[in-house]
Amino acid sequence: MIKRMKGTYDITSDIRYYQAIEKQIQKVSRLFNYQEIRTPHFEQQALFHRSVGQDTDIVSKETYDFKDRGGRMNTLRPEGTAGVVRAFIENKLYAEPKLPQKYYYLGNMFRYERPQKGRFREFYQFGAEAFGSNHPAIDAEIIAYAVTLLRGLKLKNVTVHLNTLGDKASKAAFEDALKNHFKDDIEHMCQDCQTRYQENPLRILDCKVDQDKAIMQSAPKTIDYLTKTDQKHFTLVQDYLKAMNIDVIVDHNLVRGLDYYTHTVFEIKVSKDLLGSQNAICGGGRYNHLVETLGGPEVPAVGFAFGIERLVMALKENDYPLVEDAIHLYLLILDDTARLKAVEIAQKLRLGGIITELDYMEKSFKAQFKQSAHHNARFVGILGENEVKENQINVKDQQSEVEETIALDDLYIELAQKLTKQRDDCKDCDKGESS
Ligand code: HAM
């Protein structure tokens, strides 16, 4: 038997969690006025080298690269930002009149990582990017957008970790300080760190091999190398978050694993009890020079991305209340004359919005009844030769256990009324997916 590839998975019964999350994404994206954007799953390899960064783990170790039949180098997208920025430039979206230009996306990403709980080689991200404003209030908005999604999903025990890298001058001063700090020890550190020391010292702080060494713990902090303007930006981001009642933990060790960030960086984590070491469910930050680096005009931007699998796992641990997958009517068919009528009725009811299922297996009455229970049917309708002749149907309400005979011409209106009444009676059944 051919099995799925390592690090990939099939979504079967968990699909309802994915759908609940997607519904919430659409709702919150509408509230924050972000518009959906869809970009390709593969791009030119150079796009990721120039944006995510040559020396990052993602690009140096984790990309799926392939040469196509025309000899071009392609890469399966490891993240969404680079593709959205490419699309932003290529489609001249920077000329759109609505400012800032705000987009969200949902799609599969690919990273050749060592699979473990919460870490896959093909995974889903929900991301958002806001282009055009360098104002700290939009950094705060993007964090509020992410937090509001989690509130909508009723996810508890989440913490927002916030830091700043500052802009070019602050980053350069910090990199000098890092070089100075590591200069006497670098030869005892891993090979990757030795390369990073030369090419991109900030990346040393991402090292998984040397992370517990004392020299790492005592490394300089970004906050001490900020220019006055960058410091002010960071203070204002925190003020705006406070105004929205969003609590954050300032963590000066947070640098993120992608090169394009400037100023604000953040991660949202759930407790390790829920997800183990892969407990970052969202990461993001500001990237003021990426549009320009990729050949566009000077346009500041800020964004985030959620890992959907980790969200699903956290929701399951939180006993997220999924709404029962139920149908409105199951039609039990007693003979072939009734089958023709049942098909006709089912189509009419479905067109009117009534979720209808019927027997296609030519099962016994008892077996069909069992099927209606598997489908959680609210109503069961029994249709035989006699009912067709009399133009009526016997309907049982499985909730109230009331049985009645209804003229087929009135079936739609009767069912629709009963279902509307149920909806009205259940105004405060505002749980899970329905919220
Ligand atoms: P990232 O931190 O690389 O950032 O990924 C964001 C989220 O994707 C992570 O917090 C995690 O939940 C999920 N994730 C990453 N790798 C995996 C994996 N192998 N398996 C499962 N989940 C994973 C970015 O991708 C940036 N593009 C975020 C961003 C958007 N920054 C600005 N705009």
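Mentor: Strand S14 (residues 377-383) and strand S15 are antiparallel partners joined by four bridges. Within this pair, Gly381 faces Val395 of S15. Helices (H or I, at least four residues) and strands (E, at least two) are DSSP runs numbered from the N terminus, and two strands count as paired if DSSP finds at least two bridges between them. The model is predicted, so local features need pLDDT of at least 70 and side-chain atom pairs count only at pLDDT 80 or more, whereas totals for chains, interfaces and linings use all residues. Residues are numbered from 1 along each chain as its sequence is written, and side-chain values use heavy atoms, with hydrogens and water left out.

S14 and S15 belong to an open sheet of five strands, ordered S13-S12-S14-S15-S16, with mixed pairing. At its edges are S13 (356-358) and S16, each of which pairs on one side only. On average, neighbouring strands of this sheet are turned by 25° against each other, direction ignored. Such angles run from 0 to 180 degrees between N-to-C directions, along lines fitted to C-alpha atoms, for helices over the stretch in contact.

Two helices pack on this sheet. Helix H13 (residues 336-351) touches S12 (327-333), S13 and S14, and its direction makes about 165° with that of S13; contact here means heavy atoms within 4.5 Å. Helix H14 (residues 365-374) touches S12 and S14, with its direction at about 175° to that of S12.

The loop between S15 (392-397) and S16 (403-407) holds Glu401. Its phi is near 65°, a positive value in a residue other than glycine. Glu401 is exposed, with a relative accessible area of 57%; buried denotes under 20%, exposed over 50%, and partly exposed the range in between (1.4 Å probe, protein chains only). Asn33 also has a positive phi, of about 65°, although it is not a glycine. Asn33 is placed in the loop between helix H1 (15-31) and strand S1 (35-36), and at 48% relative accessibility it counts as partly exposed. Most residues other than glycine have a negative phi, and most peptide bonds are trans. The bond from Leu99 to Pro100 is cis, with omega near -10°. Pro100 lies in the loop between helix H4 (81-90) and strand S5 (101-110).

S6 (residues 122-131) has eight of its ten residues buried. Seven bridges also join S6 to the antiparallel strand S11 (residues 301-307), where Phe304 is the bridge partner of Ala128.

Leaving aside residues up to four places away in sequence, Tyr145 touches several others, including Tyr104, Phe126, Ala128 and Phe304.
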